[in-house]
Amino acid sequence: EVRLVESGGDLVQPGGSLRLSCAVSGFDGHSLSWVRQAPGKGLEWVSFIGGHGDTADYAESMKGRVTGSKANDKTVFHLQMNRLTPDDTAVYYCARVGYHHGYYMDYWGQGTPVTVSS
């Protein structure tokens, strides 16, 4: 059974930090993406982490502020987020990345909410 479970979302003040986690089971070797959805808005891609931990990419608005990583046992992915602003308020999802003549996200977690406010 494929499962992705996000955690770590919280209320944080502007300039603060959070570390989101995505616990995965039922698969191995897939890449992972983080995607967020702000209130009343559409989905926005945040980051991509290669399945072997050898590649990573981030949205321009996040570069320098976020770092994706994977635990040694490969069951948990992390997204360290620093210098948060109110614009980062959103529900953050992790999603498995598949490939079939192109990349797509076939399984998604339930999301974890992040609120940046004073």
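**Figure 1. Cys22 and Cys94 are buried.** Both Cys22 and Cys94 are buried, where buried means under 20% relative accessible area, exposed over 50%, and partly exposed in between (1.4 Å probe, protein chains only). This is a predicted model: local features need pLDDT of at least 70, side-chain atom pairs count only at pLDDT 80 or more, and totals for chains, interfaces and linings use all residues. Residues are numbered from 1 along each chain as its sequence is written, and side-chain values use heavy atoms, with hydrogens and water left out. A disulfide joins Cys22 to Cys94, with an S to S distance of 2.1 Å. A disulfide here is a pair of cysteine sulfur atoms within 2.5 Å. By this rule the count is one disulfide. The link of Cys22 and Cys94 is right-handed, with 70° about the S-S bond. It connects distant parts of the chain: Cys22 lies in strand E3 (residues 18-25) and Cys94 in strand E9 (residues 90-99), 72 residues apart. A disulfide is a covalent bond between the sulfur atoms of two cysteines.

**Figure 2. The protein has strands and zero helices.** The model holds eleven strands and zero helices. Helices (H or I, at least four residues) and strands (E, at least two) are DSSP runs, numbered from the N terminus. The radius of gyration of the protein is 14 Å, close to the 13 Å that the globule rule gives for 118 residues, so the protein is as compact as a globular protein of that length. This radius is taken over C-alpha atoms, and the globule rule is 2.2 Å times the number of residues to the power 0.38. The C-alpha trace spans about 40 × 30 × 25 Å along its principal axes. Of the 118 residues, 41% count as buried.

**Figure 3. Four strands form an open sheet.** The order is E1-E3-E8-E7, with antiparallel pairing. Strand E1 (3-7) and strand E7 (66-70) stand at the edges, each with a single partner strand, so one side of each is left without a neighbour in the sheet. From one strand to the next, the twist averages 15°. For such angles, axes are lines fitted to C-alpha atoms, for helices over the stretch in contact, and angles run from 0 to 180 degrees between N-to-C directions. Two strands pair if DSSP finds at least two bridges between them. Five bridges join E1 to E3. There, Val5 has Ala23 in E3 as its bridge partner. Six bridges join E3 to E8. Leu18 stands opposite Met81 in E8.

**Figure 4. A hairpin joins E7 and E8.** E7 and E8 pair in the antiparallel sense over five bridges. Gly68 has Leu79 in E8 as its bridge partner. The hairpin has five residues between the strands, and Lys74 takes a positive phi near 65° there. Most residues other than glycine have a negative phi.

**Figure 5. Strand E11 has a buried face.** In strand E11 (residues 112-116) the side chains alternate. Thr112, Val114 and Val116 point to one face and are buried. Strand E2 (residues 11-12) runs parallel to E11, joined by two bridges. Leu11 has Thr115 in E11 as its bridge partner. E9 and E11 pair in the antiparallel sense over three bridges. Ala90 stands opposite Val114 in E11.

**Figure 6. Asp88 is buried in a loop.** Asp88 sits in the loop between E8 and E9. Its relative accessible area is 1%, so Asp88 is buried. Leaving aside neighbours within four places in sequence, Asp88 is in contact with Arg36, Met62, Arg65, Arg83, Val114 and Val116. Contact means heavy atoms within 4.5 Å.

Figure 7. Arg83 lies in the loop between strand E8 (76-81) and E9. Its phi is near 50°, a positive value in a residue other than glycine. At 49% relative accessibility, Arg83 counts as partly exposed. His101 lies in the loop between E9 and strand E10 (103-108). The phi of His101 is near 55°, also positive in a residue other than glycine. With a relative accessible area of 75%, His101 is exposed.
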